[in-house]
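Here's a quick briefing to read alongside the sequence and the model. Have both open and follow along.

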Amino acid sequence: MDSLKTITILFRAQKSLENLIKHDIKKYGLNPSEFGVLEALYHKGALSIKEITEKVLMPNSSMSYVVDTLMKKSYISKKASKSDKRLFIVALKPQGKRLMDEIYPKHVAQLRKVLNGLSLEEETALQQYLKVIGKLGEAL
């Protein structure tokens, strides 16, 4: 078996999904980094910048720009932590919550169109296979 073929197929699938996500998110005036931050706050509630960085897998240097951009759009707020003034806590503002209430279900529906090509068993198996690949890659 040609192991590089598997990697190539995986990268092509990833690129296809990435392009779909970028195109879908762009309709809402956001880029993937901005959407990732909003999505993390939408599902997890207020988070420190460090926690957001870990959730959305974005470098800290880029995070500052994204947070500033979302603050200018009035989607989020940033405040110093009461317990540790070195930490900043970021939260959705009402306008950001309204935006995510509107666009998140539409975004999920768009992505489900791809995943609906798989049976439930195939999707579950794919999740397990990708977890194994991820863990093995991290271990090297």
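What share of the 140 residues of the protein counts as buried? The figure is 24%, where buried means under 20% relative accessible area, exposed over 50% and partly exposed in between, using a 1.4 Å probe and protein chains only. This is a predicted model, in which local features need pLDDT of at least 70 and side-chain atom pairs count only at pLDDT 80 or more, while totals for chains, interfaces and linings use all residues. Residues are numbered from 1 along each chain as its sequence is written, and side-chain values use heavy atoms, with hydrogens and water left out.

**Overall layout**
- You'll find six helices and three strands in the protein; these are DSSP runs numbered from the N terminus, with helices being H or I of at least four residues and strands E of at least two.
- Starting at the N terminus, the order of elements is α-α-β-α-α-β-β-α-α.
- The C-alpha trace spans about 55 × 35 × 25 Å along its principal axes.

**The sheet**
- Three strands make an open sheet in the order β1-β3-β2, with antiparallel pairing; two strands pair if DSSP finds at least two bridges between them.
- β1 (47–48) and β2 (76–80) sit at the edges with a single partner strand each, so one side of each has no neighbour in the sheet.
- Five bridges link β2 and β3 in the antiparallel sense, and Ser77 has Ala91 in β3 as its bridge partner.
- Lying across β1, β2 and β3 is α2, which runs at about 85° to β3; axes here are lines fitted to C-alpha atoms, for helices over the stretch in contact, and angles run from 0 to 180 degrees between N-to-C directions.

**Glu34**
- Glu34 belongs to helix α2 and is buried, at 6% relative accessible area.
- Its side chain makes a polar contact of 3.3 Å with that of Lys73; the term covers a pair of N or O atoms within 3.5 Å, where within protein one must be able to donate a hydrogen and the other to accept it, and residues adjacent in sequence count only if both atoms are side-chain atoms.
- Beyond neighbours within four places in sequence, Glu34 is in contact (heavy atoms within 4.5 Å) with Gly29, Val66, Thr69, Leu70 and Lys73.

**Helix α5**
- α5 covers residues 94–115.
- Its buried residues are Gly96, Leu99, Met100, Ile103 and His107, and their cover includes α1 (3–26), α2 (32–44) and β3 (88–92).

Note on methods. Expected span 1.5 Å × (residues − 1).
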